[in-house]
Amino acid sequence: MKAALLSFELSAAYRGRTTLLFAVGFALASVGVALAGLAPGGALAVQGFARTSVSLLQLVLWVVPLLGLATGALAGAECHELEFVVALPVRRERIVGARWAAWTIVLGACLAVGFGAAGLVIGALAGAADSGRYVALVGIAALLVAASLALGVWIGVAARSRARAVAIAVVVWFVLAVGVDLAAIAVLAILPARPAAWGLSLLLLADPVDSARALGLGLFQADAIGGPTGAALQRVLGGWGAWVLTVGLGLWTALPLALAGRRLARCDL
């Protein structure tokens with residue numbers, strides 16, 4: 001039953017136009033970032049994996065959470081329209097999990113296509129240095145996709161209406177992408193440096209987007225542009241910071257999924 005449910009959700013996810021548009025768009029954008037522009041001699045200049053990865057990370061941090069939250073919100077809201085599936089002898093929590101898993105696989109495959117296209121260009125024209133860290137960056141992007149989708153599914157299940165769910169998802173995306181950093185700047189301006197470091201670290205763990213940013217920049221020793229929360233986490237947690245952030249992203253996936261499944265199980269469809 002689990003495999004059949006996942007297969008059903010996968011087929012529904014692959015039939016949507018969102019998948020193809022995201023795969024093509026992200027691949028083109030990734031290759032465009034890899035092709036850094038025209039060099040003085042008039043030839044296309046391709047940066048190596050390290051410098052290109054930092055630029056690709058910024059693209060991921062803006063696009064992936066928005067798409068994940070919006071897609072998850074729609075998928076969660078549509079759970080209330082699956083009376084024929086709910087009528088089957090299957091727990092509603094498994095329906096939520098199958099929807100999340102299907103979209104995670106689909107969007108993860110789209111990310112792999114984009115990163116793979118950019119990686120082929122970089123490897124062919126600039127060499128394979130730092131390619132291992134580039135692969136690790138793909139893993140961080142996948143963690144962010146999973147967390148964003150889980151949070152979006154929870155929003156959709158709770159909101160019920162598609163329009164309301166998408167609106168809430170966009171607001172949540174703005175808060176996670178911009179609002180938390182603004183709050184961090186305010187904390188730095190108010191609190192002394194030593195107490196602020198712990199507060200900023202907790203603020204970083206409370207934001208999956210900032211967690212992914214700190215992990216990605218840490219891969220390439222680019223912590224200097226990790227923002228105030230990233231710098232605070234490095235001072236407080238030191239070498240354990242990456243593991244704490246990874247666990248935090250895992251919790252951002254597991255907890256919203258559990259809450260969404262529990263909410264759907266109690267709803268009257």
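This is a predicted model: local features need pLDDT of at least 70, side-chain atom pairs count only at pLDDT 80 or more; totals for chains, interfaces and linings use all residues.
1. Residues are numbered from 1 along each chain as its sequence is written, and side-chain values use heavy atoms, with hydrogens and water left out.

2. Leu-111 and Phe-115 touch the most other members of the largest nonpolar core, which has 61 residues. Such a core is a set of buried Ala, Val, Leu, Ile, Met, Phe, Trp, Tyr and Cys residues joined through side-chain atoms within 4.5 Å; buried means under 20% relative accessible area with a 1.4 Å probe, protein chains only. Helix α6 gives the most to this core, with 14 residues.

3. The axes of α6 (residues 131-159) and α9 (residues 208-219) come within 10 Å and cross at roughly 175 degrees. Axes are lines fitted to C-alpha atoms over the stretch in contact, and angles run from 0 to 180 degrees between N-to-C directions. The two helices are therefore roughly antiparallel, a term for angles over 145 degrees. Among the residues making the contact are Ile-140 and Leu-144 of α6 and Ala-212 and Leu-215 of α9.

4. For the whole chain, there are 11 helices and 2 strands, taken as DSSP runs (helices H or I, at least four residues; strands E, at least two). Of the 269 residues, 43% count as buried.

Note on methods: Angles under 35 degrees count as roughly parallel, over 145 as roughly antiparallel, 65 to 115 as roughly perpendicular and the rest as oblique. Contact means heavy atoms within 4.5 Å. Buried means under 20% relative accessible area, exposed over 50%, partly exposed in between (1.4 Å probe, protein chains only).
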